[in-house]
Amino acid sequence: PKVKGWRGYDYYLYQGFWYDTFFLEGLVSVQEHFHPQSTDIFVASSPKTGTTWLKALTFAILTRSRLSGSTTSSLLTKMPHDCVPFLESDLAQDPSNRDLAIPLVSTHVPYSCLPQSIISSSCKIIYICRDAKDAFVSLWYFLSAHQRSENVEPLPLEEAFELFCNGIANFGPYWDHVLGYWRASLEFPEKILFLTYEEMKKDTAAHVKKLAEFMGYSFTLEEEEGGEVQKIISMCSFEELSSLEVNKNAVHRAPGTSIPIQNSVFFRKGEIGDWANHLTPEMGARLDDIMEKKLKGSGLKLPR
Ligand code: A3P
């Protein structure tokens, strides 16, 4: 099946999820050809649920031991998406598009569509998700920025909302994306860590320690006492990252198009509950209701 999706592109239903041609081709290619390193850690998410933040945090955790002395983190000069490559875009186009010494890869691919090589390997997966209403609003802003840079009139919010509520978005339906990783995290708790943006925001320190432990890069007592956790939190905070020159003024390759996109669009507000400034209470209730019905019986309750 094919529908007209966001940005006027055709979206295709493949193995239960919607993709535009760029991501579909990328996905099929990695399903056939991708082989992870056994130590790779995957940062998985649906778009606009905290990927950039999680990339920054995992990258900072993993590379911290190299930073003793005067070396500064690449996070200060490169945007998080240029520190951690995307499986279905960066690596689909060129598998060598990564620094093998940094065992971090990110993906928006739903759990059930991941290359078998990842599922059957000893790789770990960290998944982040977020309240559907905030994810939708964030997606709408992000894609509207894309459309503007392509000189295309942004899709009206109401139309985009209709698509989203029908599950139509890249890597959607959103609820099935979340459920796939949730169920897998219950089945394979050593392999998959399931996080929410809201919980990470509420207690970032506890989550950074949990992340480090899960990744196999726990903080030593000495590091904790030396303020290492706090240093990483500050360096990766919305305020810090969004005020860096590279994230304010530089330009990122927009996947699938030759049109550049400002790095700054990856940093919008970074808040919980901004949906209320954009959706009517009725729209919010409708999406809540959809999510509640879809997640029913799964044991998962997403924060609202
Ligand atoms: P908002 O649009 O609600 O502000 P993704 O990284 O998956 O594309 O998600 C983008 C969302 O994460 C955006 O949300 C963005 O502002 C927010 N974000 C980006 N960097 C962040 C950070 N360091 N800390 C918290 N949120 C961040």
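1. Two strands pair if DSSP finds at least two bridges between them. That definition is needed for the strands discussed below. The model is predicted.

2. Strand S4 covers residues 41-45 and is joined to strand S5 (residues 104-107) by four bridges. S4 and S5 run parallel.

3. Are the residues of S4 buried or exposed? A residue is called buried if 20 or more other C-beta atoms lie within 10 Å of its own. Ile41, Val43 and Ser45 point one way from the strand, Phe42 and Ala44 point the other way, and all are buried. Because five of the five residues of S4 are buried, the strand is largely enclosed by the rest of the structure.

4. The ligand is surrounded by 22 residues. The closest are Thr51, Thr52, Ser138, Arg268 and Gly270. Sorted by class, the shell around the ligand has nine nonpolar, eight polar and five charged residues.

5. Which helices each supply at least two residues of that shell? They are H2 (51-63), H6 (132-149) and H13 (238-243). H2 gives the most, with four residues.

Notes:
Residues numbered from 1 in each chain as written. Predicted model: local features only at pLDDT ≥ 70, side-chain atom pairs only at ≥ 80, totals over all residues. Near = placed C-beta within 6 Å. Nonpolar A, V, L, I, M, F, W, Y, C, P; charged D, E, K, R; others polar. Buried ≥ 20, exposed ≤ 12 C-beta atoms within 10 Å, placed from the backbone.
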